[in-house]
Amino acid sequence: MKFTFYLFLFILISVYELNAQNINIITGVVVDNYTNEYLLNVEVSIVNTDIKTLTDKKGFFTIQNLPEGEIIFKISHKDYAIRRFPVNNKNIDLGIIRLTEKTEEIIDQSIINLNEDELIENEKGESNIIAGLLVASKDVFLKTVAYEFSPTFFKPRNLGSEYSSVLLNGVNMNKLYNNRPQWSNWGGLNDVLRNQEYILNVGSSSYSFSGIAGSTNISTRSSGYRKGFKISYAASNRSYKGRVMASYSSGLLSKGWAYTISASRRFADEGFREGTLYSANSFFTSIEKRFNNNHSFNFTAIYASNIRGKSSPNTQEVHDLKDNKYNAYWGEQNSNIRNSRLRKINEPILQLSHFWNINSKTALQSNITYQFGNIGNTRLDYGGTKIISDGNGNQTITGGGKNPDPTYYQKLPSYFLRDPDNPNYTNAYLAEQEFLKNGQVKWNDLYAANESINIAGNNSIYALYEDRNDDKQLTINSILNLKINENIIVNSAVSYQKLKSENYANMLDLLGGNGYLDIDLYADNIKESQSDLQNPNRIVTENERFKYNYIFDVSVISGFIQTQYISKKVEAFAALNYSNTSYQRTGLFENGAYQGKASLGKSEALNFNNFGLKTGLTYKLSGRNLFKANFAYLTQAPTLQNSFSNSRENNDVVIGLTDEKIISVDAGYYLRHPKINAKFSTYWINLKDQTDISFYFADGLTGIENSETTAFVQEVLTGIDKQNFGIEIGIEIPIIQTIKLKAVAAIGQSIFSNNPNLYLTSDGFTEPLNYGEVYLKNYFVSGGPQQAYSFGFEYSSPNYWWFGATGNHFRNAYVNVAPILRTSNFYKDADGLAVHNYNEEIAQELLKQEKFKPYYLVNFVGGKSWKVEDYYFGFFANVGNILNATYKTGGFEQSRNANYKTLLEDKSRSLPLFGPKYWFGYGTTFYTSVYFRF
């Protein structure tokens, strides 16, 4: 490992530097266009070189020793619009250079806009929130991805957010459970999250090794905020209806103190989807004490409480009966909207940071971060039961209710038309009319059923509970930056993370009942039905743990070192990373189906040692032409989510669990010209040995004892390999000073590159069912469109109003296929022999992956700002999907029909009972905001 690092360091230092020494001088003064005040600490740089300087308190700057040929000056400040212009005369005074403040609406759209449009998650917590990482970038391609592509679940390079990193003052905030950032932990705090540094893909970061999809570091250092007060109000028809937000920053005070506070409230009885309530309160404070130029402490506290109603994926039958606003998870109770699937997040963050400038070339930053709180996901349970004794010591379980889901297959018209030889049109019509009129959760009926059975002294049938995890996580890290000389910078960091995560089902509401029997209705016998053999036949009341109860203990030790080499012609870096990750489950319940140590007590301790290497090179042919190339090879531990096959019930570790191996290669050409900015890049990514776990009820299984063919199973897929490759194009052309055209294309492909292995576990059978290979090779990976195109324009008036419009085209999006259908189980009958009359051509047609139809989205955006004396006012408006196009953002095949016979029977129907379920995109939406600042 050391040899590799020193070899790369030697190569970087040995790169030949071309020095075109000149004595030419350019000077100028930068001022505010509104106030004519001199601007301090404005960065003046020459594009595509390492030449830069800062203005002094008089706004003055000077730059010497300029390169040959025409150069492009860049004048930038975080609160002002960037100015670029070419210069040919190398001995010149540029005089007064005026900068225009960024309008607040542009700034508001240039930061992480959380929970406003696209925080749509599936049951695994996956979502398209990778877009949140990209908005900090000024790259036209990445901005287009963030603003135009994100509503479609598009993922750059088809990489999810688990391959990216979000840092808070250099501390990794990705969840240890699934390695994804939990955006709601800091949602609604746009004003205080705008100080960001985005690292593109396999780039060099001063804070961490980061993932292959890039990283964003959010700085909350109080002295970095502009002094002043701002209040804003936003209205939308997307996730929330209204948002009010206020913030104040003191600036750096005379005794070295600075503080910033912010608060917001977001709300909706329902958003674009029916029944999707939204209630979020967010608070932020940052306090800094600067003792001298070398030492400063900063304390950051974030509290973001969020409750939102989920929306259901729907089959095509349900969508055709309703529309893309329909949501099966809610119903009316006493004339009020009540959603059965709420996601509740309450995880405060406390962080203390120490900044130490050891000398002019060395800086050390250390952080202690503590995050605690809980996440809950509510759902209805309809398995309430009672135990009956026959007088001879024999006991049986009885009870259970009807599935309250209004889209349950037995409640839809297709169920009554399932027999093509004897369709029941009368009942199909009645089911259709009932669904059209009352196709929601019937809360009053659930209460009535419980109250009725309680009169007889029995337990509740229906109840509302939450899948809950209570986390406590401590992170300690230090980041060292060392400038060896004018060309070489060394970055390094070490980190320790410790997580204790309590996971359990929490009874929330007995829905008018008196108690709930904590057993499994579908178990084979009384003993195996127990959720906890230590407390058998327990009657649960509200706010008690039941079903499952266990603890995850996680620790991660990591470190990285990086060397950067920067010269006029060449920029290069090489970085090494090492991490040690350990997992262990401790069962607090003894599950009846997994008795003794199989579920109770500590599991096997899992330990993973991982390393990574990445390197990159930028060659500057001239100030206008750049060539870049990057390479990364790394291994990473499997996520905690995919390490235990059924963590809610037992201690079983995934069979054959191993590290994921990743290779990423990309290369690009960048053109920076006064008349055109362009980016052309290509990439190839290989992801190897992934693991994935799914849960579902399957019909048509083979190999189960007693010739059973149905079971609720855990599907474990191991050894998954994927390949992503494609090209990215971004072009900006300023037609005149106020009008700019932009065009973007993302043309990629993501496929399974091998046949992984699949096995099933269940409390319905004793040993795992190993079905061997899954024939997934060359199937497409789902996750949004794999090709996206955008063309648009922006107009920016000198009078501080602006607008733009874009047309976007999306194609090559695919449904997520069901692996169980691509195993040997598919062509076998219950006896284990081949299915009679199996037809290979029909089978191929049955297993053909669905490709979604391409679609177009047209969006409009605009705004205006004013300044009256020292007060600023403005508004911003955005209209998305103006043409109200209907499109699918994602979907998945249901795994219930697990073999050829059952799948053929279902697909032969005019309306399949278990067709794929889809997520549909928004129709026409709007977002508008107004602000006042001084």
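Glutamate 708 sits in the loop that links β35 (676-699) to β36 (710-734); strands here are DSSP runs of E with at least two residues, helices are runs of H or I with at least four, and both are numbered from the N terminus. The model is a predicted one, with local features needing pLDDT of at least 70 and side-chain atom pairs counting only at pLDDT 80 or more, while totals for chains, interfaces and linings use all residues. Residue numbers start from 1 along each chain as its sequence is written, and side-chain values use heavy atoms, leaving out hydrogens and water.

With a relative accessibility of 43%, glutamate 708 falls in the partly exposed class, which lies between buried (under 20% relative accessible area) and exposed (over 50%), using a 1.4 Å probe and protein chains only. Glu708 also belongs to a negative surface patch, together with Asp524, Glu705, Asp763 and Glu767. Patch members have over 30% relative accessible area and no salt bridge, with like charges joined within 9 Å and nonpolar side chains (Val, Leu, Ile, Met, Phe, Trp, Tyr) within 5 Å. Asp and Glu count as negative and Lys and Arg as positive, with His and the chain ends not counted; each charge is placed at CG of Asp, CD of Glu, NZ of Lys or CZ of Arg. The areas themselves come from the Shrake-Rupley method with a 1.4 Å probe, and for residues only the protein chains shown count as cover.

Now for the chain as a whole. It has 11 helices and 46 strands. Its radius of gyration is 30 Å, close to the 30 Å given by the globule rule for 934 residues, so the chain is as compact as a globular protein of that length. That radius is taken over C-alpha atoms, and the rule is 2.2 Å times the number of residues to the power 0.38. The C-alpha trace spans about 105 × 60 × 60 Å along its principal axes. Glutamine 395, found in strand β24 (residues 395-399), has its C-alpha atom 95 Å from that of isoleucine 25, 370 residues away along the chain. Glutamine 395 is partly exposed, at 38% relative accessible area.

Of the 934 residues, 55% are buried. Helix α4 (residues 140-149) has eight of its 10 residues buried, so the rest of the structure largely encloses it. Among those buried residues are Val140, Phe141, Leu142 and Glu148.

On to charge pairing. Across the whole structure, 29 salt bridges turn up, each being a side-chain nitrogen of Lys or Arg within 4 Å of a carboxyl oxygen of Asp or Glu. In one of them, aspartate 381 pairs with lysine 547, and the closest N and O atoms are 2.7 Å apart. Aspartate 381 is in strand β22 (residues 362-381) and lysine 547 in strand β29 (residues 545-566), so this pair ties together parts 166 residues apart in sequence. Aspartate 381 is buried at 10% relative accessibility, whereas lysine 547 is partly exposed at 27%.

Another bridge joins glutamate 728 and lysine 679, at 3.9 Å from N to O. Glutamate 728 belongs to strand β36 and lysine 679 to strand β35, so the pair ties together parts 49 residues apart in sequence. Both of these residues are buried. Through shared partners, salt bridges join Arg157, Asp666, Lys679 and Glu728 into one network.
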